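Here are some notes for a first look at this model. Please read them with the structure open.

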Amino acid sequence: MRKVAIVATGITKFDKSERPLDMIMLSAVKKMFESGKNLEQHDIDAVLASTNANRNYIANIISELSGIKPKISHSVESLCNSGTNSLVSAYAYVSSGLADVVLVVGADKANNPGLVLNWDMSRGEYTHPIFWSSMFTSAHMRKYGTSLEDLAYVSVKNHDNALSNPDAFFDKSFSFDDVMKSKNLTENVRLLDCSMPCDGAAAILVCSEEKARKITDTPVWISGIGQQTTSASFTKNNDLSSMESTRHAVTQAYNMSGKTADDVDVVELHDAFSICEIIGLEEMGFCKKGEGSKLVRSLYDTCDKKINPRGGLLGAGHPLGATGIAQVVEVCRQLGGSAGKRQVPAAKTGLVHNMSAGATSSTVLVLES
């Protein structure tokens with residue numbers, strides 16, 4: 001198979017606005033074109049659109065608006081990990097030779113469908129993600145003694161990190177007391193433990209090694225991919241204090257890349273809720289089981305931006321179809337040394353973790369400079 005690189009990126013401000021979805025997507029595509037040299041519309045032979053908006057023909061619409069006439073175009077919908085799943089499809093097209101240059105663009109709006117699944121509603125299950133996050137939190141508390149205070153440090157840390165991200169939804173910090181006193185949504189999930197649905201888009205250009213050298217001097221290589229779906233229902237998890245799909249996906253990605261957690265310099269982790277970061281750190285080998293909260297506290301105390309430097313979903317916001325691609329954009333900037341005040345020193349290997357619906361499905365990517 002051919003080597004595959006990411007050579008250009010673009011991202012919009014995450015906010016809430018009256019702009020339609022296609023115009024938000026187009027803004028990210030324009031910024032992506034501006035970041036690549038000698039890049040023209042006719043260079044792109046595939047366009048993949050990541051969104052949960054149920055907008056018919058959106059990949060073709062964004063192709064026309066961007067002046068692109070691709071050989072391949074289609075949309076990808078997989079709730080919160082639609083973005084990284086789109087990138088996996090792009091990788092497959094390029095590595096197999098079906099395409100040389102693929103544009104991947106993702107976007108959603110705050111009021112898009114996807115937050116509540118008809119699948120769950122039809123069976124009388126929990127009808128909002130806060131309930132699965134509350135069950136995961138309760139299970140981790142029972143098994144490992146995790147506290148509400150531990151959860152608060154995830155939110156405080158990631159909102160602090162977001163202050164260095166000009167594209168983040170939140171532009172203010174929240175103190176430990178702010179988080180602890182924020183509105184209770186369940187007995188153990190507070191408002192500031194939750195990511196914010198919002199408007200936003202992100203775009204990346206994926207291409208073969210031959211094409212990469214013509215577009216950028218600093219390509220980022222996709223060296224590891226892992227994907228795992230365990231079910232569509234989070235209640236199928238054997239242990240709600242863990243994320244089985246994440247554990248399988250990261251093992252695949254490490255095996256493909258030849259890397260381990262010790263080799264990773266910077267991580268974009270899917271913190272849709274505070275508990276997700278604690279469990280995710282454990283599942284991906286950055287600490288032992290039950291010690292995720294200790295690692296978060298250490299990162300906070302030392303102002304270490306290794307985990308979620310752009311603010312994660314908690315600080316940056318969570319437009320579902322854009323999130324996974326935005327995570328990739330951040331890691332690419334970190335590996336290229338262009339992340340500004342949030343730059344992780346000497347970052348050479350990065351990891352992206354993106355998941356859906358109570359970790360029933362997870363995607364993990366290893367990227368290298």
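1. Confidence. The protein has a mean pLDDT of 92, and 95% of its residues reach 70 or more. pLDDT is the predictor's confidence in each residue, from 0 to 100. Helices (H or I, at least four residues) and strands (E, at least two) are DSSP runs, numbered from the N terminus.

2. Ground rules. This is a predicted model: local features need pLDDT of at least 70, side-chain atom pairs count only at pLDDT 80 or more, and totals for chains, interfaces and linings use all residues. Residues are numbered from 1 along each chain as its sequence is written, and side-chain values use heavy atoms, with hydrogens and water left out.

3. Domains. The domain assignment gives domain 1 (4-112 + 199-221) and domain 2 (129-195 + 222-368); such bounds come from an automatic or database assignment. Their C-alpha centres lie 24 Å apart. Across the two, 39 residues of domain 1 are in contact with 38 residues of domain 2. Contact means heavy atoms within 4.5 Å.

4. Helix α1. This helix (residues 21-35) has 15 residues. From first C-alpha to last it reaches 22 Å, close to the 21 Å expected at 1.5 Å a residue; the expected span is 1.5 Å times one less than the number of residues. Its buried residues include Leu-21, Ile-24, Leu-26, Met-32 and Phe-33. Buried means under 20% relative accessible area (1.4 Å probe, protein chains only). The buried residues of α1 pack against β1 (4-11), β2 (46-50), α2 (58-66), β4 (101-108) and β5 (200-208).

5. Cores. The largest nonpolar core has 39 residues, and those with the most contacts inside it are Tyr-254, Phe-273, Met-284, Phe-286 and Leu-351. Such a core is a set of buried Ala, Val, Leu, Ile, Met, Phe, Trp, Tyr and Cys residues joined through side-chain atoms within 4.5 Å. Its largest share, five residues, comes from α10. Apart from this core lies another, of 37 residues, among them Val-102, Val-104, Ile-225 and Cys-332.

6. Thr-363. Where is Thr-363? Thr-363 sits in strand β9 (residues 361-368). Thr-363 is buried, with a relative accessible area of 0%. Its side chain makes a polar contact with the side chain of Asn-85 (2.6 Å). A polar contact is a pair of N or O atoms within 3.5 Å; within protein, one must be able to donate a hydrogen and the other to accept it, and residues adjacent in sequence count only if both atoms are side-chain atoms.

Technical notes
Buried < 20%, exposed > 50% of the residue type's maximum accessible area, 1.4 Å probe, protein only.
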